[in-house]
Amino acid sequence: MKIAIVGASGAVGQEFLKILEERPLPIDELLLFGSPRSAGRTYRFRGEELTVKLLQHNDDFRGVDFALTSAGAGTSREFAGTITRHGAVMIDNSSAFRMEEDVPLMVPEVNPGDAKKAPRRIIANPNCTTIQMVVALNAIEQLSHIERVHVATYQSASGAGAAAMDELVRQYAQLGAGEEPTVEKFAFQLAYNVIPHIDIFTENDYTKEEMKMFNETRKIMHSDVRVSATCVRVPVMRAHSESVWLETEREVSVAEAREAFAKAPGVVLMDNPAEKVYPMPLFAAGKDPVYVGRIRRDLTSERGLTFWCVSDQIRKGAALNAVQILETLL
């Protein structure tokens, strides 16, 4: 099996390397591709030194079975034809193809069967906030159809990439030294602050990030569920958190919900508030599951539940989900 990583030097590309190293996939050859800035860099994989090749419109993808791509929507659109021309399946981490009808949008715990419906040999990886939410929602959907969801996200710096993580660290150091903080990757200073603004605002005053949660959830779950989101950037290095309120067709008890979460694939239940057991990004960073806790009755609705979930944005929210798609295809 021959696999390619496009965007190998980025935060998600580096996580691809770690996850492929960890998992027992029968990889015979791994190719790394990147921009002119990263071409020529070397990375170790299973004892070998691999050099990043410049991504070009040529025949470098001949013989490649799967390409894991995380180089931005523009690059994905430009190079999709080059990557898939010789038969490779492109598993794309960008927003380029997510809402296109002939491209599956996949979270393997939720809609694995959609992997068979990829006529363009492109499968889209959803947005990080959507992935962790639908993994959790799917457990409740098996009990009763979810009609509506309200969600507030608490998104770490990692969601904006490696440079954003570096900027957050730099801002704390600059402020501690009495200097003006560098603000380039975010709309405002993130250190000692929260920013209720991720991606650009749309005509309805929701951001694109918030609308992704509405549209992508419906596509992945094959559902008419309505999702209203407020997405907030918080000064956390890694792992996103979400506070979720949902309403089901029939009343689902807290005990039923807790049991469903405990059995759900990809979910780890952490729900004992009396003992201060609940998910936090401090402990979820670098780990694979979606952690769920603070499960309780929604006081505003007889058919409502609310819960808190945390997951590593770079792993399950991006690289791990893409590798799981590859494993599903295999």
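Which residues does Ile198 touch, not counting residues up to four places away in sequence? In this predicted model, Ile198 touches Gln155, Thr207, Glu209, Cys231, Val232 and Arg233.

Ile198 is located in the loop between helix 4 (162-176) and helix 5 (208-221). With a relative accessibility of 4%, Ile198 counts as buried, because buried means under 20%. Its C-alpha lies 9.1 Å from that of Ala160, although 38 residues separate Ile198 and Ala160 in sequence.

Gln155, one of the residues touched by Ile198, belongs to strand 8 (residues 146-155). The side chains of Gln155 and Glu209 are joined by a polar contact of 3.0 Å. Leaving aside residues up to four places away in sequence, Gln155 touches Thr129, Ile198, Glu209, Cys231, Val232, Arg233, Val234 and His240.

The table sets out the accessibility of these two residues.

| Residue | Relative accessibility | Class |
|---|---|---|
| Gln155 | 1% | buried |
| Ile198 | 4% | buried |

The report now turns to the nonpolar cores. The largest nonpolar core holds 55 residues, of which Phe61, Leu137, Val149, Phe261, Val292 and Phe307 touch the most other members. Helix 3 (residues 128-141) supplies the largest share of this core, with 8 residues. A second, separate core has 32 residues, including Leu50, Leu68, Ile123 and Leu326.

What does Phe261 touch, not counting residues up to four places away in sequence? The residues in question are Ala136, Ala139, Ile140, Val267, Leu269, Val292, Ile295 and Phe307.

Definitions and conventions:
Residues numbered from 1 in each chain as written. Predicted model: local features only at pLDDT ≥ 70, side-chain atom pairs only at ≥ 80, totals over all residues. Heavy atoms only, no water. Core = buried A, V, L, I, M, F, W, Y, C linked by side-chain atoms within 4.5 Å. Buried < 20%, exposed > 50% of the residue type's maximum accessible area, 1.4 Å probe, protein only. Helix = DSSP H or I, 4+ residues; strand = E, 2+ residues; numbered from the N terminus. Contact = heavy atoms within 4.5 Å. Polar contact = N/O pair within 3.5 Å; in protein donor to acceptor, adjacent residues only side chain to side chain.
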